[in-house]
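I opened this entry to keep track of what I looked up in the structure. I start with one residue and then widen the view.

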Amino acid sequence: MRYFFMCLCVFAVLFGNSADAKRHKKKEKDPTAEPGPAKTEKELVLKLINVLQYEDSTTYSTLFPSFDTLWKTIMQYRDTNAAAMSEVGHLIRNAGFIKDYDPHFNPKIMQEFRSIMIKGDDSEVHWDHIVLVRYEFKRMLLTRDKIGYDKIAPLRFEGYIFFKDMLTRETYGVAVKDVQVIKGLWYGGHMVDLQHASTEDEYIAQMRAEERWLRAMVERGVDLDSFRRVTDSIIQARRALLFDSSAIVMHREIVDRKLYTGLFDNEIPVVLYVQYLRGHCTEPVCSYAAILKFGDEDDYIKLLVSRTPDGKWSFLEEPDISNMELVLDDKIYKGTWLSARDKAEYEVRLKEKLAGRKRIHFLDETLDRLYFQQKKD
């Protein structure tokens, strides 16, 4: 029996190592895939983004410290400073509030998570297409009834996490509280609400406008549950009327072709091929198509391309939803590639390169296969 158990352990280790195989030279291990509490502030934020992407309430609940863990930490606290021990004594006598940090005792944590998911669905957020934009945390003040808790969790934060829906290019924010550092590990991240906002000021303005609207609805005697059901029906009906993009046959005229080569982080060789396309607009170029190849891989990947009026280019990879934000300056693309797969950011520098007829023919065929033939299958 002991021999069987040892073999099982060895198999688990080998299997775990193979699961960590890297995609390319620069890839870092995905911190959201690691069980247990986060080791850094950014790792916790990425875990929170991950549970939103996968609408994963189970993993979300594991990010919080359990009541048993907190109580054990409090009871084991020792300090030679008499004042500190006095504060911890006060904490032991008034520690009922620590249940609020554990989803098992505080159902509001999961209820508000579900509300965020529903609210995002109502706003047609594509959860599986979101990427982190930034986060803003500030220290939470210790209230009088929690004296002594700073000895257990010396750092506590609240703030906002902003993310972008890469399909609609819209930015949203979630308010977060009760982020805690306990014995050097990061816990919590109670997500409270979702707003269509890209800054704290926008978030607060949207929240107040929503509160005014809700008060007006209640004053008019509207049943909000019935109103939600009607709203959901309208949204579903509108979605059903949308065209199936996979059934549309795309006809295109190629205006220009550009080939770029260069490096990610001065290390990873990359090839980018862009087609400039004419379409149903008054401009010479109406849209773009692009493919990308990492130097150590055999296959190209499809990129969805957009360009803002001020000249900023966005290249979005599907289905992994990595995104490259670039600026074209004198035939050189500069910017960053944010990899949703390995949660790493790479500096990008790509220079335009002349290509022969054979290579252009190969790239055209590859792009056509990735963009258009897949739609017909």
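I looked up threonine 73 and found it buried, because its relative accessible area is 13% and the cut-off for buried is under 20%. I note that the model is predicted, so this is a computed value.

I then checked where threonine 73 sits: it lies in helix 4, which covers residues 67-75. I looked for a polar partner of its side chain. A polar atom of the side chain of threonine 73 lies 2.8 Å from the backbone oxygen of threonine 69. Leaving out residues up to four places away in sequence, I found that threonine 73 touches Ile152 and Lys183.

Next I looked at the barrel. Which order do the strands follow where they close into a barrel? I read it as 5-6-7-8-9-10-11-12, with 8 strands and antiparallel pairing. Neighbouring strands of this sheet are turned against each other by 30° on average, with direction ignored.

Strand 5 holds residues 253-264 and strand 6 holds residues 268-278; the two pair in the antiparallel sense over 11 bridges. Leucine 263 has proline 269 of strand 6 opposite.

Last, I took down the totals for the protein chain. I counted 9 helices and 12 strands. Of the 377 residues, 39% are buried. I also looked up contacts between residues at least 6 apart in sequence, and 54% of these join residues at least 24 apart. The chain exposes about 22,300 Å², and carbon and sulfur atoms supply 54% of that area.

Methods. Residues are numbered from 1 along each chain as its sequence is written. This is a predicted model: local features need pLDDT of at least 70, side-chain atom pairs count only at pLDDT 80 or more; totals for chains, interfaces and linings use all residues. Side-chain values use heavy atoms; hydrogens and water are left out. Two strands pair if DSSP finds at least two bridges between them. Helices (H or I, at least four residues) and strands (E, at least two) are DSSP runs, numbered from the N terminus. Axes are lines fitted to C-alpha atoms, for helices over the stretch in contact, and angles run from 0 to 180 degrees between N-to-C directions. Buried means under 20% relative accessible area, exposed over 50%, partly exposed in between (1.4 Å probe, protein chains only). Contact means heavy atoms within 4.5 Å. Accessible areas come from the Shrake-Rupley method with a 1.4 Å probe; for residues, only the protein chains shown count as cover. A polar contact is a pair of N or O atoms within 3.5 Å; within protein, one must be able to donate a hydrogen and the other to accept it, and residues adjacent in sequence count only if both atoms are side-chain atoms.
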